[in-house]
Amino acid sequence: MKYVFACCTDRGTGRKNNQDSLLIKQAVYGKEQILLAMVCDGMGGLKRGEVASAALVRSFSEWFEQKLPPLLHTSLTEAKLFRSWGMLLQTMDRRIEAYGQRHDVALGTTVTAMLFARKAYYIMHVGDSRVYEVRRGIRQLTRDQTLVQQEVECGLLTRDEAERDARRNVLLQCVGASGEVSPMCRKGTIRKDTVYMLCCDGFRHMVSEKEMRKGLRPSRMKEERMMERQLAGLVRMNQDRGEQDDISVIAVRTYKERKGCWKQGQ
């Protein structure tokens, strides 16, 4: 499988700084293209959220360059990958918490990371950013770790009520400010001619899934320039509708596989 991708990020109407951090890393190993995409949303109500999100992105960038090649060489498995990610996440959770204690600030970040490798995707997720799969329809691949989502699952709120609830940004956990972090991990099969989208919560508050599906149809996402244009249009739609939070999105469009050798890019 091969990929074309694009991203877009901007601060919302109510922010001075953009606290989101994004990462896209690609490489070719043997005959296959490998890609890592990641969205980290620094905690909006906490000081220095951009420090936490940027630190986590840097750590995963280094992991991609230093730790992933040996995993691929020795046969990548679901257990090995999620164990490696889990160890990295726990290390960064402690480091971010320690940074906050040294500087007397509260900071944290969500994380949604997605690795495309050997016909499979691997997702690790903490917080309320999301991954969607877009083909003829749209399907959410992650579960929000929020108070209102918990109440939806308990039958206390409907999904529509949860989207309007004033507590919709209350997280059950985040990296750096929760003590213990238990990520959601998921493996799935990559589908060709499909768009996989990672976004922070600010990207989806003012835009419906129907509008996202229309804007991200695979037929509209065949080239990087087309993808950038579509993503920028959805970001502007959020801004025009008054979204105050940071607005970030990554889109990865799949194609058929082609040959190559190990190379790296960002």
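The model is predicted, so local features are given only at pLDDT of at least 70 and side-chain atom pairs only at pLDDT 80 or more, while totals for chains, interfaces and linings use all residues. Residues are numbered from 1 along each chain as its sequence is written, and side-chain values use heavy atoms, with hydrogens and water left out.

**Sheet**

- An open sheet of 5 strands has antiparallel pairing and the order β1-β10-β9-β6-β7; helices (H or I, at least four residues) and strands (E, at least two) are DSSP runs numbered from the N terminus, and two strands pair if DSSP finds at least two bridges between them.
- Strands β1 (2-10) and β7 (138-140) are the edges, each pairing on one side only.
- Strand β6 (residues 130-134) is joined to the antiparallel strand β9 (residues 195-199) by 5 bridges.
- Val131 stands opposite Leu198 in β9.

**Helix α8**

- Helix α8 (residues 224-240) lies across β1 and β10 (247-255), at about 30° to β1; axes are lines fitted to C-alpha atoms, for helices over the stretch in contact, and angles run from 0 to 180 degrees between N-to-C directions.
- The 17 residues of α8 should span 24 Å at 1.5 Å a residue, and the end C-alpha atoms are 24 Å apart, which agrees; the expected span is 1.5 Å times one less than the number of residues.
- The buried residues of α8 include Met227, Leu231 and Val235; buried means under 20% relative accessible area, exposed over 50%, and partly exposed in between (1.4 Å probe, protein chains only).
- These buried residues of α8 pack against β1, α6 (201-204), α7 (209-215) and β10, where contact means heavy atoms within 4.5 Å.
- Gly242, with a positive phi near 90°, follows α8.

**Aromatic rings**

- The whole structure holds 7 aromatic pairs; rings of Phe, Tyr and Trp (its six-membered ring) pair if their centres lie within 6.5 Å, and planes under 30 degrees apart count as stacked, over 60 as edge-to-face and the rest as tilted.
- Tyr3 and Phe116 form a tilted pair, because their ring planes stand at 55°, with centres 5.3 Å apart.
- This pair links strand β1 to strand β4 (residues 111-117), across 113 residues of chain.
- Tyr3 counts as buried at 7% relative accessibility, and Phe116 is buried at 0%.
- Ring pairs link Phe60, Trp63, Phe82, Trp85 and Tyr122 into a cluster.

**Charge over a ring**

- The charged end of Lys2 sits over the ring of Tyr255, 5.0 Å from its centre; this requires NZ of Lys or CZ of Arg within 6 Å of the ring centre and within 35 degrees of the ring normal.
- Arg253 also lies over the face of Tyr255, 4.5 Å from the ring centre.
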